[in-house]
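Here are my notes on this model, as numbered points. Have it open while you read.

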Amino acid sequence: MVEDNIKTNKKSNLSQYIENFFNMVELYDDKIPFYDNQDNVHFHDYKGILKAAIDVFLEYESSYTAYEVYETFLMIYQITPEDKSSVDENSSSSLISEPNTLLDLVDIMRKYEEKTGDLIDRQRDHFIHSVNVFILGLAIYAQNKNYRHSFEKYILKNENYTKYYRDENDNFSHEEFLYRWGVAALFHDIGYPFEIIGKQLNKVIDDGVKSISVNYDVDAHFDFTDFNEFNSITKIYPYDYAEGFRSKYTRTKVLDLFKPTDIMAHKIALDFQFDDDYFKRLVKHLNRFVKYMNEVGFIDHGYFSAILVLNSYGKLIQKYVDKNKDFFFYPIVDSATAILLHNYYNKTLQGDSFKLGRMDPDDSPISYLLIFCDELQEWNRRPYGVLDKQKNHVNDFKVNINDTCFNIRYILKNGSMGLGFEEDKENFIKQVLNVRKIFEGFTIIPDVKLDEIQRDILMSDIQAPDVLMRNIEKLAVEVNRQYNETQRAKLEEAKLENDEEKIRIYSKKVEDTKNFEELSSSFKMSNIRQAKSIPKKLSMIGCEIAHKTDEEKADKREFKAKLNEIVEELKRTDEDYDDRQEILERSGKIVRILRLSEDDVDDLAVYEHESWFEERKGTGWVYDEVDDSENKRSCSLVEWEKLDDDTKELDKAAIRNIPNLLDKIGLKVIRSRLRSLTYKMNQFYENGKLDVDSSGEVEFNNLDKHIKFCNFKQADHLVKILKHKGYVLVPLNDSGEPIDKFSKEEIEHFAKMMHESWYKLKLNLDRTGGKNFVVWNDLNENVKNANRNTFKYLPEMCADEFVGLKIVKNE
C-alpha cells in the first residue's frame, strides 16, 4: 500500500528529491576559480544552472523546457579540446564553440515524433519522457542509499579506471553518477526514428496491401545496404586510440574497438561475467542483430541509440588527441551499454539464447536504473499514434522514495488504464530486475480523476548550442546586470521628468532586481536563454564571436593606415565619438564590430521579442493587462507590433549592447567569413567574374532587404550542400589540403540543390515573380550555367583575400 505521507503536490514532492540530489553533489568545474578582466576571482555555478533548468521543467513540462535540460547538460559535459575549467581564457587558441551532434539527434527524434505520429498506430512521446526518466533517476539516487552503494562499489571495483570524478578529498564524487546517468537517460531514445520508419512501413502494408485482401501475408522491414558503415566509429587518426585499453583487457585483442557492437559485447561480458562461449555468441548476436530483428519482426531503437552515442563520442575523443581515452572506454561505454540493455536485456539476454536471470544493480547499476525508470515513467507522455490517441493516459503522479520503499501513484484525469495495468508493470519490473536489492517495498497504484482536462504541451524548435557553457554563464550574468542597470536608469529618467506613473512602475522594477545568483530558477533560465541566443542572432546578420586576442597577422603599417582611416571616418560621422569605445580594430581580414547598424538592431530586436515570447509561453506564462511575475502574467506577451515603444526600446537596447556585453567577458563580434563569401558570391553572380580588388560589400549593401536575406540563407545552405559530398569550409590556415575544383557531376548536383533551396526560400517569402522562379528542369540553360559556374569558381572565391576560406574533404 502507498504510504499516507505521499505529498499531494508533484512540485513539492519530486522537486524536494531533486533539491536533495543537488545538495549532495558538487561539480568539478564549479570548484576551479577563473578571473575577469579586472583580475577578480569568480567561480562557475554550472550546478545551479542545471538545477534551474530542471526546476523550470518540473514547474511546467513542455518541449521547450525539456530542451533546456538536454542543452544545459550537454553544454556542461561536452567534450572539447581543452580543459573547460582551467583554460586560459585570454589565449587566442581557446575554443569559442563546439557542435553537439547528440543534441541534433535529440531534436530529430522530437521532429519525427511530432510530424509522423498520424501515420503510426502506436507511438508516444520520447522527448519529454527522457527528461522525466533522467529526473526520476536523480531522485532515486538521492533518496536510496542502497542504490548509491551499488553504484559506488561498481566504480571502485574497476581498478583499471582511476579517472572518475572525485571530491576535494580525492574520494569518489556523486558527479560520476550525474555524468554517466545523464548520458544514458537523456539519449536512450535518440534512435527511435529507426523504429518510427519501420512502423510506418508496416502501417502502409496493413492499410494498403492487406486492405485488398486479408489473405495477403505481407510483412515489411528495413535494412542497411552496408550496416558495417553505420556500425563503426570514424577513424580520424592513423594510430589505434584503443591500444591502452587492449593492454588491460586481453579479450579485446580479437575485437574491433572502432565497432560499437564489439565494444558493448565486451562491456556486457565483463559486467555479467560471461565465459568465452557466451562472449563469442554475444559478439556474433550483436553484429547480426539487424537481421535478427527483421527475422522476428521488431525494431529495438535502443540498439541504434547506443551505436549513435558511441559513434558521436568515439569520434570526439579521437579528435582531441590530448584527451585521456579512458573517458570514452569507461563512462561513455558504460552509459551506451545501458542504453542498449534497456530493451535488449529483457528481449534477448533473458531469452532462450542466453537465459540470464534478473539483473542485479551491482552488475550494471546504470543499466538497472534505466530499465527501472524507463518502465515507470508514464505521466504526461503525449500520444502521437492513431490508436494511442484514443486511449486514456497518466496525467500526473505522486511518488514516495526512501531507503526501503518505492511507491508510485499514477493519476488519470479521466478513464482508466485498463484491467491489470499495475500488476503487469510490477510483474515486468520484478521479472527483469532484482528490485528487493534496492527496495524492500515496491507498489504501483492507479488514481483516476474525472473532472480535470489534460494540459496541452507546447512544442518549440530550438537550435543546438554553439558557445561553451562557461561563456553562456558569464553572458547571462552580464545580461541580468545590464537589465538591472537599465531599470535604475529608467527610474532616474522618470524622476527628472517628474512622471509619477513611471516613477511608480520603475521603482517597483528596481525593487525587484536581483543579482544573478539570487534569481528564481525561471528568471535565471530566462537570462540563460537570452545569452544562448546571442550567437544565433549574430549569425543572422553575418557575424560571429571570437576572442578579443584572435588576430590574423598583417603588415603593421597597413594595419595602422587602415585604423587611422576608420578612426577619422568615425570622427566625421559621429559627434559623440569616444576614442576609447568607438575605435574599430582591423587586423588583416578580422574586423571587430563595436556597434551594430540600426537596421540590424531593429531586425534582431524583433527576433529577441519572439524568442522571449516563445520562452514565456513555453514555461506557462499568459497575457494580462497588469504584470504579475509571481503568477506568470505579463502585458508584453503580445506580437511585436502591439508592444509599446518603451518595451520595444528595451529589446533594442539589449541588441545594441551585445558587442559591449561580449567585451566584458573577453570576447568580440567579428564579421563572419561566410558573410564575406556571401558578398563574393553575389558579386560573381551579378558580374559573371571575380573582382580581386573589391570585397563586394558595397554592392551587397545596396540590395533590397529581402534579397540580402535570401543571399545570407543561400550561403548558409551552401555549407549543408557541400556536406552532401563530404566537403567542409574551413579557414585558410586550418590543416587539410584545399580542393581546387569539383567534378562535373558534383557541380551539377550542387547547382541543382542550390536552385531548389533558393526556389523554396522565395516561395516561403511569398516572392514568386520572375522568369527564374521555376523548378530546375524548367530553368533557362543560361541561368543553369550561372548556378554551375558558382560552384565551378567557388574554390577560387573562398580563397579570395577578403574571404579567407578553403574547401577540404571531411575525413
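1. Start with Ser-62: a polar atom of its side chain lies 2.8 Å from the backbone oxygen of Gly-618. Ser-62 is found in the loop between helix H2 (46–59) and helix H3 (63–77). Helices here are DSSP runs of H or I with at least four residues, strands are E runs of at least two, and both are numbered from the N terminus. Ser-62 has a relative accessible area of 0%, so it is buried (buried is under 20%, exposed over 50%, partly exposed in between, with a 1.4 Å probe and protein chains only).

2. A word on the basis: this is a predicted model, where local features need pLDDT of at least 70 and side-chain atom pairs count only at pLDDT 80 or more, while totals for chains, interfaces and linings use all residues. Residues are numbered from 1 along each chain as its sequence is written, and side-chain values use heavy atoms, with hydrogens and water left out.

3. How many aromatic pairs does the structure hold? There are 43, counting rings of Phe, Tyr and Trp (its six-membered ring) with centres within 6.5 Å; planes under 30 degrees apart are stacked, over 60 edge-to-face, and the rest tilted. One of them is Phe-230 with Phe-304: the centres are 6.2 Å apart and the planes at 55°, so this pair is tilted. Phe-230 sits in helix H9 (residues 227–230) and Phe-304 in helix H14 (residues 301–319), so the pair ties together parts that are 74 residues apart in sequence. Phe-230 is buried at 16% relative accessible area, and Phe-304 is buried at 1%.

4. Next, look at Phe-272 and Tyr-345, with ring centres 5.7 Å apart and planes at 35°, so that pair is tilted. Phe-272 is in the loop between helix H11 (260–271) and helix H12 (276–287), Tyr-345 in helix H15 (residues 326–349), and the pair therefore links parts 73 residues apart in sequence. Both Phe-272 and Tyr-345 are buried.

5. Two charges over rings are worth a look. Arg-616 lies over the face of Trp-621, 4.3 Å from the ring centre. Lys-809 has its charged end over the ring of Tyr-727, at 4.3 Å from the centre. The criterion is NZ of Lys or CZ of Arg within 6 Å of the ring centre and within 35 degrees of the ring normal.

Methods
Polar contact = N/O pair within 3.5 Å; in protein donor to acceptor, adjacent residues only side chain to side chain.
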